[in-house]
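Here's a quick briefing on a protein model, meant to be read with the viewer open. Have a look at the sequence and the structure, then walk through the notes below.

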Amino acid sequence: MDSIANQIEENIAPGFKRARNEEQKQLRITQFLDTAAKLYEEEGYEKLSLTQIGKELNFHRNNVYNYFNCKEDLFLALIIRELEGAIEDGIKSFDRHMSVVEFSNVNTQLIMRHQMLLDLLAITNTTILSCASASIHKRFRVQMKSLQDRLVQHLESCTLDNFPSELIVDLFRKINVYAMGIYPASVEYKQRHNIPVYAEFGYEPIKFEESIIAFTETQLNELNK
């Protein structure tokens with residue numbers, strides 16, 4: 001029976017080979033996530049479908065459904081992967097006690113290196129989670145909390161000079177909440193997504209990088225009082 005199922009599955013899409021062990025399954029998931037990230041950068045979230053992702057890999061749509069119930073579930077997995085990368089980057093970046101200016105610059109550059117993550121987090125609560133599977137949604141929240149706690153623990157041992165660790169952790173959270181809030185309105189976001197800016201009508205989008213630096217410095221000044 002299994003051989004018949006294998007033959008049917010492999011005949012559905014030329015070139016598709018069924019994943020037969022955990023390592024192969026993880027490789028297949030990586031292929032789906034890599035392709036979703038590539039197509040997202042090219043076309044954005046709304047235009048993407050599991051059918052399109054499968055076609056890009058020469059897989060039938062049904063092959064993708066063996067791994068993800070819907071597009072939203074796939075993108076939650078992609079967000080977790082991007083967040084894992086950002087957390088690892090953060091741990092490497094905050095590797096010593098820093099001055100105020102150094103902390104501000106290092107944190108701003110960290111954020112700027114992970115703009116796709118900002119993109120996706122900006123639509124997580126309003127678009128992605130609204131259609132995600134309940135079990136995947138719950139797992140996503142648990143994974144997010146675990147990753148965030150990991151960075152918080154690191155920051156508690158590697159903080160700004162002359163500031164208590166708990167204040168730095170709170171500052172870091174405030175900066176990232178602010179960043180996610182303003183990023184979709186920024187010139188950097190519009191440039192990434194080829195969204196026109198009509199300056200002749202008096203519209204000037206936020207300069208994201210400058211705004212993050214200014215916000216960080218304002219928060220640090222408050223802590224100094």
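The aromatic pair count comes to 11 here, where rings of Phe, Tyr and Trp (its six-membered ring) pair if their centres lie within 6.5 Å. Keep in mind that this is a predicted model, so local features need pLDDT of at least 70, side-chain atom pairs count only at pLDDT 80 or more, and totals for chains, interfaces and linings use all residues. Residues are numbered from 1 along each chain as its sequence is written, and side-chain values use heavy atoms, with hydrogens and water left out.

**Aromatic rings**

- Take Phe94 and Phe103: their ring centres are 5.4 Å apart and their planes sit at 40°, so the pair is tilted. For the labels, planes under 30 degrees apart count as stacked, over 60 as edge-to-face and the rest as tilted.
- Phe94 and Phe103 are both buried, which means under 20% relative accessible area, while exposed is over 50% and partly exposed is in between (1.4 Å probe, protein chains only).
- One aromatic cluster is made up of Phe32, Phe59, Tyr67 and Phe68.
- Lys71 lies over the face of Tyr45, 4.0 Å from the ring centre. The rule here wants NZ of Lys or CZ of Arg within 6 Å of the ring centre and within 35 degrees of the ring normal.

**Overall fold**

- The chain has 12 helices and 0 strands; these are DSSP runs numbered from the N terminus, with helices being H or I of at least four residues and strands E of at least two.
- Of the chain's 225 residues, 42% count as buried.
- Among contacts (heavy atoms within 4.5 Å) between residues at least 6 apart in sequence, 67% join residues at least 24 apart.

**Nonpolar core**

- The largest nonpolar core has 59 residues, and Leu74, Phe75, Phe94 and Phe208 touch the most other members. Such a core is a set of buried Ala, Val, Leu, Ile, Met, Phe, Trp, Tyr and Cys residues joined through side-chain atoms within 4.5 Å.
- Which helix gives this core its largest share? That's α5 (residues 71-93), with 9 residues.
- Leaving aside residues up to four places away in sequence, Leu74 touches Phe32, Leu33, Ala36, Leu50, Ile53 and Phe68.

**Helix crossing**

- The axes of α2 (residues 22-43) and α5 come within 10 Å and cross at roughly 90°. That makes α2 roughly perpendicular to α5.
- On the α2 side, the contact is made by Thr30, Phe32, Leu33, Asp34, Ala36, Ala37 and Tyr40; on the α5 side, by Leu74, Phe75, Ala77, Leu78 and Arg81.
- Axes are lines fitted to C-alpha atoms, for helices over the stretch in contact, with angles from 0 to 180 degrees between N-to-C directions. Under 35 degrees counts as roughly parallel, over 145 as roughly antiparallel, 65 to 115 as roughly perpendicular and the rest as oblique.

- Asn58 isn't a glycine, yet it has a positive phi of about 65°. Asn58 sits in the loop between α3 (50-56) and α4 (61-65), and is partly exposed at 43% relative accessible area.
- Asn194 also isn't a glycine and has a positive phi of about 55°. Asn194 belongs to the loop between α11 (187-192) and α12 (208-224), and counts as exposed at 69% relative accessibility.
- Ser104, in helix α6 (residues 100-112), is buried with a relative accessible area of 2%. Not counting residues up to four places away in sequence, Ser104 touches Ile213, Thr216 and Glu217.
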